[in-house]
Amino acid sequence: MKRIVSGIKPTGELTLGNYLGAMRRWGEMSANPDHEHFFFVPNLHALTVRPEPKTLHTDSRAAVAWLLAMGVDHDHSYIFMQSQVPAHSELTWILNNYTTMGELNRMTQFKDKALKSGAEGQLVGLYDYPVLMAADILLYDADEVPVGEDQKQHVELTRDIATRFNNLHGDVFRVPQPTVQSEGARIMNLQDPAKKMSKSDTDDSGNILLTDDEKTIVKKISRAVTDSGSVVSTGADKPALTNLLTIHSILAGKSIEELEAAYAGKGYGAFKEDLADIVVETLAPLQKHYHQLMSEGNTKIDQALEHGWWRASELANAKLAQVKEILGLF
Ligand code: TYM
């Protein structure tokens, strides 16, 4: 049976980037009974930003609620909390011995984050982050890992680690394939289109949060930076409009060319108004479902975690036992 694995890190509120680059198809995908889907909450990865414990707890449950609200809610799809399956941590230690510092030095996410923080922020956890990700994926013999563009390099490293291990020890791990959507794989910040929309930003003015209400969405989109000129079109010299058109195109199910034609001669104002409407319309039913789940005293969230934990543990523990036996660990 084909397995699909991906995760949403609980560091701050989820953004429209997470939705468009990754989660928007997860509900529909997970309805396929011929595949097993594991969508988990990598709360151990979140420790790399040392969140407030209470915030981490709330964000983690919120991530589960979003997954359910997106429609990941079937007997054969599983949501779980990474920290509840200790095999992730144990396999990470093992895989650390199959990963070189040279490989980790090349990870662009680490380079970006390490550059932003001083020596104090250059944590071993941040450096080792991609190896924990490799463990997340390899424990489940994932065939596919649906991610946005920024995580592709990590999945490629996972492939290298798996191949190296297999070459030395036989056919132990399935080598996974990253699946990156052709549209929306890299949604940019509305205030700075050179930077990706990110939930860990402290300033949210350029990020549309999945919980933003109508007023906030309208405000953020109307204030989004635009490029010089007034023609609604994409282009290398139009990073802001390219980003806004991409968002509009995905949500409206129309091609960029159709939208360019529809807004010819209309200017940025009308375009932004319609974009705000379509973002609001798309998020409204998901938000309703999300708020309902969050206010239900967590019953549905707990049930989903219990169901996911059971199956995830079964697979992860079996894979870890196999690896330990091969390596002479007991
Ligand atoms: P995270 O939580 O940062 O993001 C979750 C998913 O959303 C995608 N994404 C975006 N896509 C388009 N535009 C954006 N601006 C944007 N921002 C985020 C991400 O690519 C991702 O697919 N390390 C991972 C979590 C993780 C994981 C895993 C994923 C841990 N272990 C194993 C897959 C498999 C992360 O921080 O994603």
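With which residue does R3 form a salt bridge? In this predicted model, R3 pairs with E36, and their closest N and O atoms are 2.8 Å apart. A salt bridge here is a side-chain nitrogen of Lys or Arg within 4 Å of a carboxyl oxygen of Asp or Glu. R3 sits in strand β1 (residues 2–7) and E36 in strand β2 (residues 35–41), so the pair links distant parts of the chain, 33 residues apart. Helices (H or I, at least four residues) and strands (E, at least two) are DSSP runs, numbered from the N terminus. Over the whole structure, the search finds 13 salt bridges.

Residues are numbered from 1 along each chain as its sequence is written. Local features need pLDDT of at least 70 and side-chain atom pairs pLDDT 80 or more, while totals for chains, interfaces and linings use all residues; side-chain values use heavy atoms, without hydrogens and water.

The protein chain contains 14 helices and 5 strands. Its C-alpha trace spans about 70 × 45 × 40 Å along the principal axes. A compact globule of 330 residues would have a radius of gyration near 20 Å, and the 21 Å of the protein chain agrees with this. That radius is taken over C-alpha atoms, and the globule rule is 2.2 Å times the number of residues to the power 0.38.

The domain assignment (automatic or from a database) gives domain 1 (2–184 + 298–327) and domain 2 (214–293). Their C-alpha centres lie 30 Å apart. The contact (heavy atoms within 4.5 Å) takes 15 residues from domain 1 and 13 residues from domain 2.

Between them the two domains bury about 1,200 Å², 80% of it on carbon and sulfur atoms. Buried area is the accessible area (1.4 Å probe) lost when two parts are put together, summed over both. In domain 1, L16, W66 and A69 lose the most area to domain 2, together 37% of what that side buries. Across this interface the rule finds 0 salt bridges. On the side of domain 1 that touches domain 2, α1 (16–21), α4 (53–69) and α14 (299–327) each supply at least two residues. Helix α4 gives the most, with 5 residues.
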